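Colleague: I'm new to this one. Could you walk me through how to read it?

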Amino acid sequence: MTQQTTQPSRFTFRTLLLLLVPIVLLAGVIALFLTTGGGLDLRSAAPVEDLSIERYILKRNLIELQVRNTGPEELTIAQLAINEAIMPFTVTPDTSIPRLGRAVIHINYPWSDGEAYGITVFTTNAIAFGVDIPVAFVTPQPTGGTFWGFTLIGLYVGVIPIFLGIFWFPALRTLGRRTMTFLMAATAGLLIFLGIDTIAEALEFAAEVPGPFQGIGLVGIGAVATFLLLDAISKQQTSIAGSESDRRLAIAFMIAVGIGFHNLGEGLAIGAAYSVGEIALGTFLVVGFIIQNITEGLGIIAPVLRDRPSLGRLAIMGLIGGGPAIIGAWIGGYSPSPILAVLFLAIGTGAIFEVVYEIAKLIQKDTQREAMPMTVFSGVVTGMLLLWVTGLLIK
Amino acid sequence: MSAKITRRDFLKAGGLTVLGAVGANALTKTAPDHSKHESKILAAPALQHDGHDGTLPGTVGEVDHEKNGFNPTDLLTDFDEGEVSTLPNGQTLREYKITSLNKNIEVVPGIEYPAWTYNGRIPGPTLRATEGDRIRIHFSNGSNHPHTMHFHGFHPGAMDGVPGSGPGGNVQPGDSFVYEFDAEPFGLHLYHCHAFPLARHIAKGLYGAFIVDPKEGRPPVDHEFIMVMSGFDVDFDDANDFYAVNAIPFHFQNHPIQIKVGELIRIFLVNILEFDLINSFHLHANFFQYYPTGTSLTPSEFTDTIIQGQAQRGILEFTYKYPGMYMFHAHVTEFAELGWNGMFEVTE
């Protein structure tokens, strides 16, 4: 015991030197490589360039492209064509864009509402990069009107359905223990379904992230870090002790946080979809959407049904779960970024699966008192099927 | 469209309906107009038309003609009549020296195209002779690909410049060959490389005009211009990215051709455009006499628009009645806005 504790703490000058040896050698290898090429012929036959056209902004008679150089070296924009017509343009700050640098291309162009445009950007090496504008309309700018519009979206897709779900609280708390366990299991099923959905969306966005930012890696980091962080927080709370009802309340809050992140990602997607003009119509879909997301509210209150949380706490949980949809809609609408979307969705994934893990522990406590294997099974499957079927009805 | 609909798609749809119902009016009404605050365009085209919001299609900047080694305006009137001597039998001999060269050409400002050229220019030299002259072309291949010169006109098979026709049909890098034949029939013709793969060899820039004047000559005019219509596929996807007459897109839009009211203009128009099926020429505010292939001295049509397939060519003759700026361009309008657009500036 004493040996183990003293040995690793001895940090001498010699240890430092030994630690530095590989680093010094590495520097040598890099220097050798940079000066001699290490015997490899690393010149590429053709220039490798990559230009990410991250966003377009349409104003009257003006198109702006936000671009980022995601290639290995500096590149220069030479010419530009819109719908098979070479158009003059300006670039701020400069036509030459350093690696990972950003620039904005401005094109005076009399575009028409509702029409489609294809833009091709040529670099000086005659490499073409394209972006499609499927439906042209003035990109929403942050004004009072649009702000309120995006707020309403978030309200309808996030806040209202969750509060509707929470309104089941008085009815559900009259149910028996077995039914409550069933509801918890259903919540777990619901969350598993949402978690899978969230990670699928995270991966979808990750594909849009420019190469150097490694979207898939971001998904992994966001999800794993969130899972472990929430786990650590939960363990800390357990060690601080408190009553079992406090613990259930904490889990309800964590479910709200997980669903909140999920809704933040959804708000982002909706806002971004609006700002690029992917408009689909149908009030039927809004109604369907409210039906499906009502279950999220149900999930939040499931752990605290046997307790008596204050109305204020329930309201806060509802806001935590649904409110982020509004924030997401704002961010997605005004400044959509696939990197942000990936991060939020990854955090949502981690949070949701951690909450599933917490619920599983709660259910285990219940089932230790009274074995009810079929209740858990049917609950989880019911939860998953609930989302699947409501989704089916709507699509 | 993918048939896969995710939960998010569904959410988008739902959310957007709400926005559409509540916020859309506000969105469209309140969006500010920023167009007036924009900075100036780098290089405004010489063209001054009203009615647009300040900008017409065109390239940004100017190509380096000196580095390219040719200026499309100079090519308009650059006729190469060869080195003239008389053969023992009294026949006129015209000798030309042509070398195929790899050369980077700045086709639009900022973009260099790794072209293949005759004598370092696109189009190649406009060879001009009179019907019945003996043509002798000393062709050397200074590039790193096999090339040939294939002429349209009468000549023996061995002078056809196509693979399988003998040494002239596949001139290796560093080798040379002498193409020799009599210039006939009179008309407007062309020459181009016929090495495999043919489409690429033409698209890369190996073509030029070949004019055979009738023995009695053509009626005199005030200006003769040679215009070769072609395109550039700079990203090698077998589709043209830019179009032009005399190689450089928008050149005659930015540098209008200067002529005077009442002057008789003759244009030798050749289409060698690769990848696209047709090309065309449309003259604004005017009509022209058209002599297809230039093989007759009687015009076949009085019109303002003609269509040419690849290797079709013809002679146009016209006069402007009024001063002003007059456009000429491919009435395949897509080509016009991708560079095949020019102007005549007609003065008193």
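Colleague: Among contacts in chain B between residues at least 6 apart in sequence, what percentage join residues at least 24 apart?

Modeller: Two residues are in contact if their C-beta atoms, placed from the backbone, lie within 7 Å. In chain B, 69% of those contacts join residues at least 24 apart. Keep in mind that this is a predicted model: local features need pLDDT of at least 70, side-chain atom pairs count only at pLDDT 80 or more, and totals for chains, interfaces and linings use all residues. Residues are numbered from 1 along each chain as its sequence is written, with chains lettered from A and ligands numbered from 1 in the order in which they are written.

Colleague: How many of the 24 residues in helix 2 of chain A are buried?

Modeller: A residue is buried if 20 or more other C-beta atoms, placed from the backbone, lie within 10 Å of its own. For helix 2 of chain A that count is zero. In chain B, by contrast, 45% of the 348 residues are buried.

Colleague: And where does helix 2 of chain A kink?

Modeller: The bend at a residue is the angle between axes fitted to the seven residues ending there and the seven starting there. Here a kink of about 30° lies at Leu20(A), shortly before the proline Pro22(A).

Colleague: How far apart are the C-alpha centres of domains 2 and 3 of chain A?

Modeller: Domain bounds come from an automatic or database domain assignment. Domain 2 covers 51-133 and domain 3 covers 144-394 of chain A, and their C-alpha centres lie 38 Å apart. Five residues from domain 2 and four from domain 3 make up the contact.

Conventions: A residue is buried if 20 or more other C-beta atoms lie within 10 Å of its own, exposed if 12 or fewer, and partly exposed in between; C-beta atoms are placed from the backbone. Helices (H or I, at least four residues) and strands (E, at least two) are DSSP runs, numbered from the N terminus.
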